[in-house]
Amino acid sequence: MSSNQTDVVFFDENGLRTDQRKPDEIRPMKIKIGVLSRANGSCYLEWGANKVIAAVYGPREAHPRRMQLANKAVIRYRYNMQSFSVEDRARPGPSRRSSEISKVSREAFEPVLFAEDYPKAAIDIFVEVLQADAGTRTAAINAASLALVDAGIPMRGLVSACAAGKVGGKIVLDLNKPEDNYGEADLPIAMTEDGKITLIQMDGHLTPSEFEEAMELVQKGCRQVLEIQKAALLEKFASVMDDDEEEI
Ligand code: UDP
């Protein structure tokens, strides 16, 4: 996020963005659920040029045992960026950035998980970023949400994530890499199906009225993502549901 790049052109003469999107349009998303056979649940997700894979394990006995909680499951979330995922090699291993993203993403899921039903257990969520192009934390959350469903972990509903931001003085949805690099603000959120916001972060500057506009837009973005997630789940599990109906 840098505000001194005023020479960057973000919109063409038709008001379209560098990747031909309208200001309120999200990047195309592709989803494949159940891609890893060792994990209890998994999901591969592409969002624009972002590529992430999520794996979920549990609920299973928490190890090391000192991490066990007597009255509920411990939820662990690890966001990791592969060194080959970015233009300049990312330094392998945890960083301040990845620790922060892991923490806020874990908190984004806590309200929808029934941790209290699994004392001493762990629910482990791992997300690997294979290719990054801005918006990896939101892509990771969207993939993790579906991997949790694939693992059969009961949830109060899905979590959907998206970002809005300000580029060239305009509020836009789902920033791509140049917009993230040279724009004025980035506002990623995660939202439950019933509209509760479970993650909110902001980088850059927005006036109070711009913030309101961005919040309205980003919640619309989350609802669009939710529809895509639901469609992916239907595609994956519709045949299972059909089989169940036949058995009744
Ligand atoms: N990025 C990078 N190297 C890093 C961290 C980030 O090249 O070590 C790039 C990557 O494309 C990422 C983008 O910068 O998607 C924006 O990063 P940010 O921290 O805003 O997180 P994100 O938008 O991916 O959630």
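Select residues 185-192 and 197-200. These are strands β8 and β9, which run antiparallel and are joined by three bridges. Strands here are DSSP runs of E with at least two residues, helices are runs of H or I with at least four, and both are numbered from the N terminus. Two strands pair if DSSP finds at least two bridges between them. Now pick M191: its bridge partner in β9 is I197. Then move to the turn. Four residues lie between the strands of this hairpin, and G195 takes a positive phi near 85°.

A word on the source. This is a predicted model, in which local features need pLDDT of at least 70 and side-chain atom pairs count only at pLDDT 80 or more, while totals for chains, interfaces and linings use all residues. Residues are numbered from 1 along each chain as its sequence is written.

Zoom out to the whole chain. Four helices and 10 strands make it up. Starting at the N terminus, the order is β-β-β-β-α-β-α-β-β-α-β-β-β-α. The radius of gyration is 19 Å, close to the 18 Å that the globule rule gives for 248 residues, so the chain is as compact as a globular protein of that length. That radius is taken over C-alpha atoms, and the rule is 2.2 Å times the number of residues to the power 0.38. Along the principal axes, the C-alpha atoms fill a box of roughly 55 × 45 × 35 Å.

Next, colour by burial. A residue is buried if 20 or more other C-beta atoms, placed from the backbone, lie within 10 Å of its own, exposed if 12 or fewer, and partly exposed in between. Of the 248 residues, 40% are buried. Contacts need C-beta atoms, placed from the backbone, within 7 Å. Among contacts between residues at least 6 apart in sequence, 70% join residues at least 24 apart.

Now show the open sheet. Its five strands have the order β1-β2-β3-β5-β4, with mixed pairing. Go to the edges: β1 (29-33) and β4 (74-81) each pair on one side only. The twist averages 15° from one strand to the next, with axes as lines fitted to C-alpha atoms (for helices, over the stretch in contact) and angles running from 0 to 180 degrees between N-to-C directions.

Stay in this sheet and select 41-47 with 50-61. Seven bridges join these antiparallel strands, β2 and β3. G41 stands opposite V56 in β3.

Select R106 next. This residue sits in helix α1 (residues 96-109). Is R106 buried or exposed? R106 counts as buried because it has 20 C-beta neighbours inside 10 Å. Leaving aside residues up to four places away in sequence, R106 touches I75, R76 and Y77. Draw a distance to P154, 48 residues apart from R106 along the chain: the C-alpha atoms are separated by 16 Å.

Turn to the ligand. Around it are 13 residues, of which V86, A132, A134, T136 and R137 come nearest. Near means a C-beta atom, placed from the backbone, within 6 Å. Helices α2 (136-150) and α3 (177-182) each supply at least two residues of this shell. By class, the shell holds four nonpolar, two polar and seven charged residues. Ala, Val, Leu, Ile, Met, Phe, Trp, Tyr, Cys and Pro count as nonpolar, Asp, Glu, Lys and Arg as charged, and the others, Gly among them, as polar.

Last stop: Y182, in helix α3. Y182 is partly exposed, with 19 other C-beta atoms within 10 Å.

Technical notes: Contact = placed C-beta atoms within 7 Å.
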